[in-house]
Amino acid sequence: MSPASPATPVSGSGSTPGADPAPVTADAPAAAPAPTEAELLAFVRETAADAGLIASLPLDPEGRTWLRLNGPGGSEAWIISWPPGTGTGWHDHGGSHGAFAAAGGRLTEQSLAVRLPTEGWKTLELADGVDRERELTPGRGRAFGPHHVHQVLNETDDEHAVSVHAYYPPLPLMRRYSRTGALLRLEQVERPGEWE
């Protein structure tokens, strides 16, 4: 999945997330297979290395900015800027698998090494030893499965960071969490359009 140009910016239109795909008939070619986590990671790393594309993202010292891209195999992809001191808060990706890579600056990912139930709870007490932390510098990335819960932070005082993200299937929702010590609390469920 290495196109000549790794990513093409789009203006935000397209199919509705979660919509049923068109049926395949004998006359129509079969749909391409879904991209794997490894293919998404290769895509975000290749895109993060495209200096011209990364430079096309306007940076705002007050808040994050983003540019939506066409990802491989129908995936959703984004270039995101992170001013100093910004972050996502704890969240998941609504059952999508994905990958992200730093294109500039330094990001910290804090994640949970535990598979959380997606329904039927409001507050969970986390066991000891489930916290993970990694630093991502330009070119470094990571792939993750459909149950990944994390937060991404730019903890620097004076350096903007930029990253590239890809998700498959395109994000149907994101669950937002708050965390106090070992307690993780579901705070909000966001749908597409609420974060774009």
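Which side chain meets Glu-135 in a salt bridge? The side chain of Arg-106 does, at 3.5 Å, N to O.

The views below show a predicted model: local features need pLDDT of at least 70, side-chain atom pairs count only at pLDDT 80 or more, and totals for chains, interfaces and linings use all residues. Residues are numbered from 1 along each chain as its sequence is written, and side-chain values use heavy atoms, with hydrogens and water left out.

**View A. Glu-135 and Arg-106 form a salt bridge.** A salt bridge is a side-chain nitrogen of Lys or Arg within 4 Å of a carboxyl oxygen of Asp or Glu. Glu-135 sits in strand β8 (residues 131-136) and Arg-106 in the loop between β5 and β6 (107-112), so the pair ties together parts 29 residues apart in sequence. Helices (H or I, at least four residues) and strands (E, at least two) are DSSP runs, numbered from the N terminus. Glu-135 is partly exposed at 38% relative accessibility. Arg-106 is partly exposed too, at 34%. Buried means under 20% relative accessible area, exposed over 50%, and partly exposed in between (1.4 Å probe, protein chains only).

**View B. Glu-119 and Arg-175 meet in a salt bridge.** The N to O distance is 3.9 Å. Glu-119 lies in the loop between β6 and β7 (123-125) and Arg-175 in strand β12 (residues 174-180), so the bridge ties together parts 56 residues apart in sequence. Glu-119 is exposed, at 62% relative accessibility. Arg-175 is buried, at 9%.

**View C. Glu-190 forms a salt bridge with Arg-176.** The closest N and O atoms are 3.3 Å apart. Strand β13 (residues 183-190) holds Glu-190 and strand β12 holds Arg-176, so the pair ties together parts 14 residues apart in sequence. Glu-190 is buried at 10% relative accessibility. Arg-176 is buried at 16%. The structure holds eight salt bridges.

**View D. The largest nonpolar core has 17 residues.** Such a core is a set of buried Ala, Val, Leu, Ile, Met, Phe, Trp, Tyr and Cys residues joined through side-chain atoms within 4.5 Å. Val-44, Ile-54, Ile-79, Val-162, Val-164 and Ala-166 have the most contacts inside it. Two or more residues each come from α1 (37-48), α2 (51-55), β3 (76-82), β5 (97-104) and β11 (161-168). Helix α1 gives the largest share, five residues. Apart from this core lies another, of 14 residues, including Ile-80, Phe-100, Ala-102 and Ala-161.
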